[in-house]
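Visitor: I would like to learn how to read a structure like this one. Could you walk me through it, one feature at a time?

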Amino acid sequence: MNVTVDEHKCCGAGQCVLIAPEVFDQRDDDGIVVLLEAAPPQDQHTLVREAAAVCPAAAIELTPAQ
């Protein structure tokens, strides 16, 4: 799984950080998402999918690993 985030779409809700803190973080100044792991390990995939599903701005995109 590969993860990308669109910082321009992000509204800073922080749901991704709460669900998958090993993969996502937020900038201190404005709360915009920071991607910590673009290719998360298998044990994080379920959490990352959940984070993408609940993102209110649809700023997280998941693609199959290549």
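Guide: Happy to. Let us start with burial: a residue is buried under 20% relative accessible area, exposed over 50%, and partly exposed in between, using a 1.4 Å probe and protein chains only. By that scale, buried residues make up 33% of the 66 residues in this protein. Please keep in mind that this is a predicted model, where local features need pLDDT of at least 70 and side-chain atom pairs count only at pLDDT 80 or more, while totals for chains, interfaces and linings use all residues. Residues are numbered from 1 along each chain as its sequence is written, and side-chain values use heavy atoms, with hydrogens and water left out.

Visitor: How many helices and strands are there, and in what order do they run?

Guide: Helices (H or I, at least four residues) and strands (E, at least two) are DSSP runs, numbered from the N terminus. Here there are two helices and four strands, and the order from the N terminus is β-α-β-β-α-β. The radius of gyration is 11 Å, close to the 11 Å that the globule rule gives for 66 residues, so the protein is as compact as a globular protein of that length. That radius is taken over C-alpha atoms, and the rule is 2.2 Å times the number of residues to the power 0.38. Along the principal axes, the C-alpha atoms fill a box of roughly 30 × 20 × 15 Å.

Visitor: What share of the contacts joins residues 24 or more positions apart?

Guide: A contact means heavy atoms within 4.5 Å. Among contacts in the protein with a separation of 6 or more, 57% are between residues 24 or more positions apart. A C-alpha pair gives another view of sequence separation: glutamine 15 and alanine 51 are 36 residues apart along the chain, with 6.6 Å between their C-alpha atoms. Glutamine 15 lies in helix 1 (residues 15–19) and is partly exposed, because its relative accessibility is 34%. For another case, take cysteine 11 and threonine 63, which are 52 residues apart in sequence and 22 Å apart in space, C-alpha to C-alpha.

Visitor: Where does cysteine 11 sit, and is its side of the story buried or exposed?

Guide: Cysteine 11 belongs to the loop between strand 1 (2–5) and helix 1. With a relative accessible area of 52%, cysteine 11 is exposed. Setting aside neighbours within four places in sequence, cysteine 11 is in contact with Pro56 and Ala57.

Visitor: Which contacts does histidine 45 make?

Guide: The side chain of histidine 45 reaches the backbone oxygen of proline 40 at 3.1 Å. Not counting residues up to four places away in sequence, histidine 45 touches Met1 and Pro40. Histidine 45 lies in helix 2 (residues 45–54) and counts as buried, because its relative accessibility is 7%.

Visitor: And what about glutamine 44: buried or exposed?

Guide: Glutamine 44 is buried, with a relative accessible area of 7%. Glutamine 44 is found in the loop between strand 3 and helix 2, and beyond its neighbours within four places in sequence it is in contact with Glu22 and Val23. Alanine 39 has its place in the loop between strand 3 (33–35) and helix 2, where it is partly exposed at 42%. Leaving aside neighbours within four places, alanine 39 is in contact with Met1 and Asn2.

Visitor: Which contacts does aspartate 25 make?

Guide: Aspartate 25 is found in strand 2 (residues 24–26) and is partly exposed, with a relative accessible area of 36%. Leaving aside neighbours within four places in sequence, aspartate 25 is in contact with Val17, Ile32, Val33, Val34 and Leu36.

How values were computed
Polar contact = N/O pair within 3.5 Å; in protein donor to acceptor, adjacent residues only side chain to side chain.
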